[in-house]
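Hi,

Here is the model I promised to pass on.

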Amino acid sequence: MAAVSQEQSFDIRPAKPEDWPGMWSILQPVIREGETFTWDRDTSEQAARTKWMKEAPGQTFVAVRHDTGEILGTGEFHANQAGGGGHVANAGYMVGANNSGQGIARALCAYSLSEAKAAGFRSMQYNAVVESNVRAVWLWQSMGFKILATVPEAFNHPEIGYVGLHVMYRKL
């Protein structure tokens, strides 16, 4: 598992147990806002840790600032389904609010695509990309994902009400 170096001031690497406080500082506000993830907004720290931390062939990883070791973002991938569907990966990413626009989400996605392929997955599917999260939709499309379908009004956005969820896919 080689780390992916960035021209920016961060690396992507597998998460370590001691990274959790930094990961939680990113996950907690995203979960509480309830605008981009389908998690319950009152998810506890322990429940989030159990849900976010993945075991092989999946992986949880972090973007870490070179000079300070600060966790700037985190991601995870895992089998989307069991059994006959276990060759398709699913993934999620979160970036700290103060770190958006620095290429971190793109780097997290690129890392997950490479690592998921190395782990034996044949494709990646996102089950629930909130259609009002236009920056993410654009980014995933720029990374080769296609929108296969949109489930109308499948997500209740806390500010704008019911919006669709995209199912997105790409081959690895």
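Predicted model: local features only at pLDDT ≥ 70, side-chain atom pairs only at ≥ 80, totals over all residues.

Residues are numbered from 1 along each chain as its sequence is written, and side-chain values use heavy atoms, with hydrogens and water left out.

Back to the rings. A search of the whole structure turns up eleven aromatic pairs. Rings of Phe, Tyr and Trp (its six-membered ring) pair if their centres lie within 6.5 Å; planes under 30 degrees apart count as stacked, over 60 as edge-to-face and the rest as tilted. Trp20 and Trp24 are a stacked pair, because their ring centres are 6.0 Å apart and their planes at 20 degrees. The two sit four residues apart in helix H1, about one turn of the helix, and both Trp20 and Trp24 are buried. Phe77 and Phe121, on the other hand, pair edge-to-face, with 6.1 Å centre to centre and 90 degrees between the planes. That pair links distant parts of the chain: Phe77 is in strand E4 and Phe121 in the loop between H3 and E6, 44 residues apart. Phe61, Phe77, Tyr111 and Phe121 form one aromatic cluster.

**The chain overall**

The chain has four helices and eight strands; these are DSSP runs (helices H or I, at least four residues; strands E, at least two), numbered from the N terminus. Their order from the N terminus is β-β-α-α-β-β-β-α-β-α-β-β. The C-alpha trace spans about 45 × 35 × 30 Å along its principal axes. Of the 172 residues, 45% count as buried. Among contacts (heavy atoms within 4.5 Å) with a separation of 6 or more, 60% come from residues 24 or more positions apart.

**The largest pocket**

How much space lies in the largest pocket? About 1,300 Å³. The search runs on a 1 Å grid over the protein atoms alone: a cavity is a set of points where a 1.4 Å probe fits but cannot get out, while a pocket is an open set with protein on both sides within 12 Å along at least five of seven lines; lining residues have an atom within 4 Å of a point. Grid points are joined across faces, edges and corners, and a volume is the space filled by probe spheres set on the points.

The lining has 45 residues, with Thr36, Phe37, Tyr93, Met94 and Asn133 nearest the centre of the pocket. Elements giving two or more residues to it include helix H1 (20–33), strand E5 (88–95) and helix H4 (134–142). E5 gives the most, with six residues. By type, the lining divides into 22 nonpolar, 15 polar and eight charged residues. Here Ala, Val, Leu, Ile, Met, Phe, Trp, Tyr, Cys and Pro count as nonpolar, Asp, Glu, Lys and Arg as charged, and the others, Gly among them, as polar.

Most residues other than glycine have a negative phi, and most peptide bonds are trans. Two spots to check, then:

- The peptide bond from Ala56 to Pro57 is cis, with omega near 15 degrees; Pro57 is in the loop between H2 and strand E3 (59–65).
- Glu153, in strand E7 (residues 146–157), has a positive phi, near 50 degrees, and counts as exposed at 58% relative accessibility.

Arg65, in strand E3, is buried with a relative accessible area of 19%. Its contacts, leaving out residues up to four places away in sequence, are Ser9, Phe10, Glu70, Leu72 and Asn99.

Leu113, in helix H3, is buried too, at 8%.

Cheers

Key:
Buried < 20%, exposed > 50% of the residue type's maximum accessible area, 1.4 Å probe, protein only.
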